[in-house]
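Please open the structure in your viewer and keep the selection panel at hand. The tour below goes from one selection to the next.

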Amino acid sequence: MSVASVATRASRALPFPAGVGMARHVVGRNVVAFRRAWLLLISGFAEPVLYLFSLGVGIGALVGGVTTDGGTTVSYATFVAPALLAASAMNGAVFDSTYNVFFKLRYQRLYDAMLATPLGPRDVAVGEITWSLMRGALYSSMFLVVALVAGMVHSWWALLALPAAVLIGLAFGAVGMFATTYMSSWQHFDYVTLAIQPMFLFSATFFPLSTYPEALQWVVRVTPLYHGVALERGLMLGEVGWSLLGNAAYLAALGAVGIVGASRRIGQLLLT
Amino acid sequence: MEGVGVVTEGELRILDMDPATDGAAIRARLGVCPQRDILDEDLSVEENLWVYGRFFGLSRSEVHRRADELLQFAQLGERRRDRVEPLSGGMKRRLTIARSLMNNPEVLLLDEPTTGLDPQARHVLWDRLFRLKREGVTLIITTHYMDEAEQLCDRLVVLDHGRIVAEGSPRALIAEHSTREVVELRFDLDDQERHVDAVSGVGERLEVLPDRLLVYVDDGDAALTSLHARGVEPLSSLVRRSTLEDVFLHLTGRTLVD
């Protein structure tokens with residue numbers, strides 16, 4: 001067996017990121033398409049910034065200081081900014097991987113054309129998720145700059161807030177894409193809203209976990225956005241501990257499950 | 001066939017490779033032109049070609065060079081910067097074919113290439129496909145149009161419910177499954193039944209359609225003369241050569257296949 005065939009066999013056995021070689025052309029396709037729609041960039045960036053000023057600064061003026069689960073007291077805007085970063089990373093990834101992927105899959109039939117080339121289902125899944133993460137990273141860095149200028153960043157650890165936001169995007173994007181392969185009509189997207197909305201409001205996003213009743217705290221701890229929020233808040237406020245690794249591992253595992261599931265399902269849907 | 005489906009029965013080898021394990025290598029050498037033009041509507045005409053070429057791992061300069069050639073080939077040079085959506089059906093189909101040629105395929109699969117096109121667009125397309133054939137590309141065409149098959153194909157396979165029922169060149173198929181000529185006879189509608197007996201026996205085969213009788217013969221004029229001698233006077237008669245359509249309908253029947 002030649003070295004090359006060993007390498008291909010090994011790469012087939014790995015679920016990720018072996019497809020990256022060809023997947024970059026899927027990203028390339030999206031870059032070309034996006035050149036004409038670059039104004040959309042503003043919407044992805046505006047959402048968290050508007051929340052930050054209305055809730056963080058506006059409501060924050062009424063609330064005063066907040067004591068975090070880590071024990072430090074900070075202004076409400078500083079408390080809520082990391083959570084908004086996490087939530088917008090989630091929202092962007094979910095929107096991309098559900099509505100956009102559904103449209104490409106069922107209406108534009110974009111993936112049918114791709115699969116008639118040497119690209120495989122995994123290239124398509126990895127390429128689409130990568131593209132979504134690239135956009136997400138851009139939005140997140142713009143948000144971080146705004147937060148920094150507004151004086152809401154208090155630690156050098158905040159540099160890691162960007163990769164953390166990408167990880168959140170990966171977890172939600174991969175699972176969202178997996179879920180999308182099971183959807184057959186636009187009505188099914190109501191379930192997406194049903195899952196996203198409560199998470200957005202109650203993942204220790206707008207008030208510390210300690211303010212929830214004991215029983216609910218455990219429910220909150222299970223949801224993925226909670227781990228995203230905890231991770232971002234720890235990094236941006238400099239409350240760094242080993243538990244952050246646990247949060248990151250939770251998100252990484254979710255992402256891996258999503259990618260493997262999504263590639264399989266795209267294969268089943270389009271190749272049979 | 002495109003190296004993407006699953007083999008349900010029998011064995012499939014494409015370009016001497018097994019699609020189950022060498023799918024990507026096979027697809028790299030195939031051009032696929034599906035029945036529905038699934039072009040990328042977010043992109044312009046030329047971008048469609050560039051992006052698709054990149055999926056085959058071609059370099060940037062290579063896809064630009066190839067796209068320039070193919071835009072000319074597909075007569076789309078003037079629309080290269082336009083979006084795909086406003087293009088006419090014929091243009092979209094030519095773009096789909098141009099796109100499927102980006103990787104210089106050895107084999108081009110065309111699924112009903114001219115369905116839904118107006119006659120002009122059809123002829124332009126046939127002309128392009130002829131050229132490809134001359135350049136040595138193997139065309140595999142599925143079509144319901146027998147005139148198209150007759151025009152483009154060297155070798156034909158007639159499928160009925162997924163089974164091969166006949167195979168050969170258009171000419172050989174006509175020779176084997178039909179007569180040289182066909183006489184079409186029209187009578188008054190109520191009258192037709194009465195003439196069936198008188199007409200039968202003249203040709204090799206007689207087919208009774210709701211509005212006319214088809215007599216399959218080798219010499220149409222001779223058959224007409226002998227019909228006149230028998231006193232058969234149709235409202236109109238027409239002698240024509242047998243076509244692939246006759247062969248196809250004979251082999252697969254006239255019942256609607258849905």
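Begin by selecting chain B, whose secondary structure comes to 10 helices and 9 strands, where helices (H or I, at least four residues) and strands (E, at least two) are DSSP runs numbered from the N terminus. Chain B is more spread out than a compact globule, because its radius of gyration, 23 Å, is well over the 18 Å that the globule rule gives for 258 residues; the radius is taken over C-alpha atoms, and the rule is 2.2 Å times the number of residues to the power 0.38. This is a predicted model, in which local features need pLDDT of at least 70 and side-chain atom pairs count only at pLDDT 80 or more, while totals for chains, interfaces and linings use all residues. Residues are numbered from 1 along each chain as its sequence is written, and chains are lettered from A and ligands numbered from 1 in the order in which they are written.

Still on chain B, turn the view along the principal axes, where the C-alpha atoms fill a box of roughly 75 × 45 × 30 Å. Next, colour residues 19-153 as domain 1 and 179-241 as domain 2, bounds that come from an automatic or database domain assignment; the centres of these two domains of chain B, taken over C-alpha atoms, are separated by 45 Å.

Finally, show both chains and select their contact, which takes 19 residues from chain A and 20 residues from chain B, two residues being in contact if their C-beta atoms, placed from the backbone, lie within 7 Å. On the side of chain A that touches chain B, helix H2 (20-34) and helix H5 (110-115) each supply at least two residues.
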